[in-house]
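This briefing accompanies the sequence and the structure shown below.

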Amino acid sequence: MPNALLTKLGIQLPIVQAPMAGTSTVALAAAVSNAGGLGSLGLANYNVDQAREQIQQLKQATSKPFNVNVFCHQPAIADAAREQEWLNILQPYFSEFSSQPPKQLSAGNPSFIGNKAMLEMLLEERPAVVSFHFGLPSTEFIQALKHAGITLLGCATNLPEAQAIEAAGLHAIIAQGYEAGGHRGVFDPAEDIKLGLFSLLQLLQKKCSLPIIAAGGIMHGQAIAQVMNMGASAAQMGTAFILCPESAASSAYRDQLKSARAYKTDVTALISGRPARGLVNRFHTELADKQRLLPAYPTTYSASKALIAAASQQDCYDFAAFWAGQSAPLARELPAAELVALLATEWKHESVYSF
Ligand SMILES: Cc1cc2nc3c(=O)[nH]c(=O)nc-3n(C[C@H](O)[C@H](O)[C@H](O)COP(=O)(O)O)c2cc1C
């Protein structure tokens with residue numbers, strides 16, 4: 001018998017492929033959904049028209065449920081002096097590549113908070129599932145999505161965030177441990193208490209009543225069985241899917257993930273302006289003392305992206321944002337459908353959870 005969350009999501013396997021803005025693709029999400037898990041699209045880098053196009057393409061590629069993910073960060077407050085100072089700090093790094101920093105930072109794509117055009121698009125397209133990262137939209141937005149029959153997931157990194165997700169009436173909590181690759185879903189980075197998944201899962205399992213999806217460092221079916229034995233209803237995995245041929249990861253990203261570099265990941269806000277875990281690079285090692293000078297997310301990211309591009313044009317990946325979780329060396333290079341089947345076999349073999 002499937003558990004209540006899987007029934008609600010309309011999927012057979014307790015496997016959620018994490019939304020990964022910039023790395024997840026229509027092909028990846030379709031392969032995972034078609035294999036019985038929940039495929040996800042990260043929409044954070046897309047404007048409304050692009051997001052709609054992605055959803056429509058995914059509908060063509062699968063008739064199964066899928067998840068789309070939006071970022072709910074507090075909109076950035078512009079600070080020209082701070083932003084200029086940050087560009088001055090980065091200037092010597094640009095010079096290494098005979099390049100110049102941008103004249104000014106750009107605001108990036110807007111948050112889902114207050115983004116009525118994105119809401120309208122989601123209400124029209126009606127994906128089966130929508131998930132929120134970095135916080136929650138307004139009650140009005142949540143009610144509208146629920147009214148449209150969309151299942152809603154929210155990411156929590158601590159108990160107050162999980163309680164806010166429950167109070168807002170969402171359907172499940174994604175418990176994201178500190179091991180996780182990519183951006184931390186923490187609502188307010190200043191309040192980040194950096195809980196590992198083991199502690200977070202036990203805490204939420206005791207104190208919350210919504211179903212929990214465990215995320216962070218899960219790479220094998222055995223680990224899916226472990227988190228389910230600890231009370232999770234499913235596992236969300238990102239890093240495990242990066243090496244799938246269907247992902248958008250560049251060949252450099254794949255090579256680095258398969259190299260010794262994968263053994264060292266860390267969280268830094270220095271790349272985008274919000275804490276995120278990736279392979280340790282020169283942002284982590286050379287700019288750590290500049291943390292207090294950082295402009296807001298996502299404006300910081302525009303300068304980093306320009307530096308990463310200038311470096312990569314010269315085949316240098318010392319600054320690249322290769323997001324990955326602590327278990328990165330365990331990523332397997334398999335087509336997504338095969339990976340899901342393997343995860344399912346490992347999980348069923350290991351599971352004491354009565355399915
Ligand atoms: C490359 C990458 C990009 C990510 N982008 C997003 C995103 O757009 N939205 C989101 O909710 N989570 C994102 N995450 C975080 C995942 O949802 C999830 O918490 C994480 O992958 C779990 O840890 P793991 O990578 O060790 O499996 C991303 C993770 C990775 C590795």
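Ala164 has its place in helix α7, which spans residues 159–167. The model discussed here is predicted.

- Beyond its neighbours within four places in sequence, Ala164 is in contact with Leu136 and Phe187.
- Gly135 is 29 residues away from Ala164 along the chain, and the C-alpha atoms of the two are separated by 9.1 Å.

## Overall form

- The protein contains 13 helices and 11 strands.
- The radius of gyration is 19 Å, which agrees with the value near 20 Å that a compact globule of 355 residues would have.
- Taken along the principal axes, the C-alpha atoms fill a box of roughly 60 × 45 × 40 Å.
- Of the 355 residues in the protein, 58% are buried.
- Among contacts with a separation of 6 or more, 66% are between residues 24 or more positions apart.

## Surface and charge

- The protein exposes about 14,400 Å², and carbon and sulfur atoms supply 51% of this area.
- There are 25 positive and 27 negative side chains in the protein.
- The centres of the positive and negative sets lie 4 Å apart.

## Domains

- Domain 1 comprises residues 1–75, 110–247 and 331–355, while domain 2 comprises residues 78–108 and 259–329.
- The C-alpha centres of domain 1 and domain 2 lie 26 Å apart.
- The contact between them takes 20 residues from domain 1 and 17 residues from domain 2.

- Thr300 lies in helix α12, which covers residues 299–312.
- With a relative accessibility of 0%, Thr300 counts as buried, because the limit for that class is under 20%.
- Leaving out residues up to four places away in sequence, Thr300 touches Trp86, Leu105, Leu270, Ile271, Ser272, Gly273, Leu294 and Pro295.
- Pro298 is found in the loop between α11 (282–286) and α12.
- The peptide bond from Tyr297 to Pro298 is cis, with omega near -5°.

## Backbone angles in two further loops

- Most residues other than glycine have a negative phi, and most peptide bonds are trans.
- Arg126, which is not a glycine, has a positive phi of about 45°.
- The loop that holds Arg126 runs between α5 (116–125) and β4 (129–133).
- Phe134, likewise a residue other than glycine, has a positive phi near 80°.
- Phe134 belongs to the loop between β4 and α6 (139–147).
- At 1% relative accessibility, Phe134 counts as buried.

## Strand β9

- Which strand contains Ala235? Ala235 is found in strand β9, made up of residues 234–237.
- Ala235 is buried, as its relative accessible area is 0%.
- When residues up to four places away in sequence are not counted, Ala235 touches Pro14, Ile15, Val16, Ile213, Ala214, Ile218, Ile224 and Val227.
- Leu13 and Ala235 are 222 residues apart in sequence, and their C-alpha atoms are 9.6 Å apart in space.

## The loop between α4 and α5

- Pro102 lies in the loop between α4 (80–96) and α5.
- The relative accessible area of Pro102 is 26%, so this residue is partly exposed.
- Apart from residues up to four places away in sequence, Pro102 touches Leu87, Phe94, Ala303 and Ala306.
- Gln91 and Pro102 are 11 residues apart in sequence, with a C-alpha to C-alpha distance of 9.6 Å.

Technical notes
Residues are numbered from 1 along each chain as its sequence is written. This is a predicted model: local features need pLDDT of at least 70, side-chain atom pairs count only at pLDDT 80 or more; totals for chains, interfaces and linings use all residues. Side-chain values use heavy atoms; hydrogens and water are left out. Helices (H or I, at least four residues) and strands (E, at least two) are DSSP runs, numbered from the N terminus. The radius of gyration is taken over C-alpha atoms; the globule rule is 2.2 Å times the number of residues to the power 0.38. Buried means under 20% relative accessible area, exposed over 50%, partly exposed in between (1.4 Å probe, protein chains only). Contact means heavy atoms within 4.5 Å. Accessible areas come from the Shrake-Rupley method with a 1.4 Å probe; for residues, only the protein chains shown count as cover. Lys and Arg count as positive and Asp and Glu as negative; His and the chain ends are not counted. The place of a charge is taken as NZ of Lys, CZ of Arg, CG of Asp or CD of Glu. Domain bounds come from an automatic or database domain assignment.
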